[in-house]
Amino acid sequence: MDWYMMNCELLATCSALGYLEGDVYHREPDCLESVKDLIRYLRHEDETRDVRQQLGAAQILQNDLLPILVQYHEDKVLFDAVIRLMVNLTQPALLCFGKVPADATSRHHFLQVLSYLQAYKEAFASEKVFVVLSEKLYNLLQLDWEQRQEEDTLLIERILLLVRNVLHVPPDPTEEQQGVDGDASVHDRVLWALHISGMDDLLKFLASAQVEQQWALHVLEIISLMFRDQSPEELAALGQGTAGAEHGEDTRELETLRQRELAEKRARALQRPSRHSRFGGSYVLQGLKSIGDRDVVFHKGLHNLKSYTHDLGKEPRRVPRHRQAAPETEASRRSARNVRLFLCHFCQDFLEGCYNRLMLLVKDQLVREKAQQHDETYYLWATAFFMAFNRRHGFRPELVSETVGVRAFHFIEQNLTTYYEMALMDKKEATTWARRMHLALKAYQELLRTVQEMDRSPEQAVRDSSQVIKSNIFYLMEYRELFLALFRKFDETRQPRSFLRDLVETAHLFLRMLERFCRGRANLVVQSKRVRRKKNKPRAPAAPAPLSAAELEQLWEGLAPQLQACLEGEVPLPEDVVPFDAASETPVEEQRAEALLRIQECLRDSRVPQALRLLRSAREVWPEGDVFGAADAGPPEESRLLREILVAPLPRHAAAEPEEPEEEEEEEDEEEEQTVQVSEKEFNFLDYLKRFACAPVVRALVLLLRGYARNSARTNHCAARLLHRLARDLRMEPLLFQLSLFALFHRLLSDPAAAAHQELVALAKFILGKFFALAATNKKAFVELLFWKSPAAVCEMTKGYSSLQEGEGTTRSRVPPWTPQEEQELRELYWKYKEVEGGDVIAAILAHLPTPGRTRKQVVKQLVRMGLASSAKDFPRERKGTRIVLWTQEQEEELTRLFEEFQGSDDVLGNIMKHLTARRSRARVVEKLLGLGLVAQRKELYKKRRRKSHGPGPGQVAKGVPATPAQDSSGEDEDSEEEEDEEDEAEEGPMEEHWVPEEGAGQDLARRLHQEGLAGPLRWLENCLRRVAGDREEDGVSHPVPLVPLTEENEDAMEDRRFQTLLRQLGLRPPASEQESFWRIPAALTPQQLRRVAASIAHRGPSGSPQDLPEPPRCPQDPAPAEPLPAGLGSDSESEEPVPVPVPVPSPVQPRTKRRRELASEDEDEDGEGSGTDPAPAAPCSEEDEEDEDPQPRGRRKRIRCLEEEEEEEED
């Protein structure tokens, strides 16, 4: 950026700082205010960091801020302001942008800011700057805590942050490429300036001082940046040896490279012909086809024939970015010798005086979560680095005692597992999590090496400590399973090769230590954990054998005396028998059928009292149709009903199929209970080693060995030793019969420098020899080279491909084979039931299959194997609500005819649902009507509501009362219907629910509850019902009223299951959602119905009249006692039309056996469609019209207003 392109205000501010004349800087009078203005400008910069870029282009830090810092460090206020500004200017680019930008424009700004930071770092490579910072920090640290002010503490923190920011700047790649090992880079010069100024001594003081604990993480972060490019092994070797020894190591490396080059030259010389010819000649390669049918013509010399491939001259295929190997993050540059010597001495002093204390403080802050996020990475780095330095530089275990122990292993394993899980879940940041996982892995590796070094210690106490640590580590299952998980989830696109290298070396070390630990012990007991998953899938009992008529008659004769005693009251009946479960997802019709089955089972098991109680309770729940007898049935009628149920051939559910162990579950919505069983078992090293005999481990080892020429000798040894363990120790040589590994062996054996890799050469010859020996007997071995193999495949290759079928393999089938006779029977049953429409073919076959124990999956598999079906998808499992999916042409014509027939009625959809032949839900019918174009909007299907007229005539339908749709006897299963209706409810608006209690509902249950001591809650419920009935007559408006129990007795009763059953029988509504807490009296219940319900639960004495409560005065609207109730007010009339009611209250709706939902809309009320007359002003509002009436009666009671406000808050 050009200097003249700066912002005018920014340029004027920078000019007001001062000017540099030679080595002397002259500040302006407004220098302090200008520095503060620059801080203010940086605070309000945009997302491109324009102010930062302009200041970097103007080199303000190099030309102004650093000279001010050096020459005017005595001015405390100016010095503090300059430090604040430099801390802001030198903060990392990642903190400025959040992350590395993906788009080109933002990435350009990011790289520009990074280049300015690299220029700042070069300017800080000055002894004068660090001398000033060190002196200032030294003076501040000399102050006691009583004398140190808050400004002094902030200045200490800012100086540490400034040093951190300067060291954090990454090196310039162009500079690193131009330099060579041993040259002083910018980072080395900064470190040397830091050392000359004495800043390193201050850092060691901060790390060891008791009163400076708050700077522990700052110091650890600075130290980690100081040793960013260093290797602990090289630093340790530098401190012990001389310059000649180091020079000898370099000489040996050069000699190895020279030997490789000479071997290549000799190989090329042998390939050249002795006599040079400018005409190389042309050759025909027989057996190698070209593009056409002819053989390949080779136009080069024979010495180039071995390098010929069909890919010559082709452009290499471009690897997609998401498949490219992860780049290496480790730097391999060697610093200058004097810098390495200084760092080596720093490590020695740090280990002797600071390491244990600093690591204790840092871990305490991490455990207590006082540190920032991901600060544990500095702890992991320090553990790996300084423990490696201590191990190579005269091992002294007392110097690193803080990070050696079971707790250290647990902390690192916990973080490693966390990083591993986050790398699998957070795909976008998987690379970042992989780097953190690499740090944890290196710390874990160094802990193992330290424990191994403790075994070699001459002190017995140290060796005993290592034995205790190893016994704890090898005992726990988590430490043994860690490497298997890392191998199986290794991803070369997310994790670099350096991670794989450390993983292989650590796994090799762990296996070797575990093997040696097992040798000295006869029986090693370790912990074992097993996760058991238990399906909460109820298994239906096996269906009992059907009884003959004579057996049933004989059984009834034995039950008759016991039944007679129960009917006469001599034997008490149980009270805890409930035939209906309102919370169950099973439809009501199916629950009624199940109640019949339960009664029959009780009779067949000679449980007569339970059967009689079930019959009476089911009669109260399902009074319609007299399925369980009439309401006034006597003992003879009940005896006749029980006999009919006993001998009736009721349909039973098929028994649950046994679960196959090797197949997946089809039901995905079943809950699973996972229990971890912890036990102990005897450890076998070979059994543990077999866990590594899998394709992911072998694939990772082959990937690492592809770069054998670049790997260190130890890395190649660890990889070869792991492969040798799998092949030789486990006798699974075919596990390594893989084409990619053989290609690697071919490249290795043809390498001129193969003599440097004798261990790999020996492994290659061993594996190739085993392969050709097997290929002599198994001709399919060459095909097996194309696939990664498992232990089962290895067993098949060596023992025969039929060994698993004969039961010798680990995955042998436990399903009994099908005999030819069974296959013939299966074929006949399939052709018999294939053409049956509407039936399940597999269920019919299972019902008539002679051989018991066959499951549905086994039958389907056998049908596919026999060629009778193409796949298992031909036999879908029938699920609830999915019997009819598509509409046939006849069904569409029927729907069109019904729509035209009932188009002019008040309830079009209700009438269609009543007369529709196919079982469909309301949502499906509405969608089909829209799809056929019969209606344009859902609003046209809403039930038309009429306004209430003043006093309807005897034969006139009451205005404002919606015509109730008939019972949907052909409705779909409850689950599907409720789901579809909920969708309609979300789209079409609120729906009204009507549940009208039957006449005398709940009398028997209320009487039993009264006998059990619930008289108080029953009296409270009766008072609430009567009070609400009076309020609704007084106000003329019906609202849902919550039942709020104010006493502990009433609250316990509301939680009682039988009391809730009584509430449902009375027509009260339970909480509809999580926002509701109380049961409610629905707005649909009229005052007459509420009084009848209250009278039904009132306690009656011997004379039959209610007791304990005075009879309230009868309202004029109530029918006379001798006056019969109209149909619809508790009767079982199945009439479809509303019954005229001679009272100006909302007309009751039809009685139902279960709750039904109606399509309702407030728009119809506003439009007034279908209303014959205008609403009478004096008539009270019905429940449907309550929102259309603006004014409300002023005389309503205050309690009703409070309840209304509560309802509005819950709806919001």
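In which helix does threonine 450 lie? The legends below take up this residue, a hairpin and the confidence of the model.

This is a predicted model, in which local features need pLDDT of at least 70 and side-chain atom pairs count only at pLDDT 80 or more, while totals for chains, interfaces and linings use all residues. Residues are numbered from 1 along each chain as its sequence is written, and side-chain values use heavy atoms, with hydrogens and water left out.

**View 1. Threonine 450 in helix 20.** Threonine 450 belongs to helix 20, residues 430–455 (helices are DSSP runs of H or I with at least four residues, strands are runs of E with at least two, and both are numbered from the N terminus). The residue is buried, with a relative accessible area of 2%, where buried means under 20% with a 1.4 Å probe and protein chains only. Its side chain reaches the backbone oxygen of glutamate 446 at 2.8 Å. When neighbours within four places in sequence are left aside, threonine 450 is in contact (heavy atoms within 4.5 Å) with Met387, Arg391, Phe395 and Val404.

View 2. Strand 1 (residues 18–21) pairs with strand 2 (residues 24–27) in the antiparallel sense over 4 bridges, pairing being assigned if DSSP finds at least two bridges between two strands. Tyrosine 19 stands opposite histidine 26 of strand 2, and glycine 22, in this hairpin with 2 residues between the strands, takes a positive phi near 70°.

**View 3. Confidence along the protein.** The average pLDDT, the predictor's confidence in each residue from 0 to 100, is 77 for the protein, and 75% of the residues score at least 70. Over residues 537–542 the pLDDT is below 50, and this stretch has 10 contacts in the model beyond near neighbours in sequence.

Technical notes:
Buried < 20%, exposed > 50% of the residue type's maximum accessible area, 1.4 Å probe, protein only. Polar contact = N/O pair within 3.5 Å; in protein donor to acceptor, adjacent residues only side chain to side chain.
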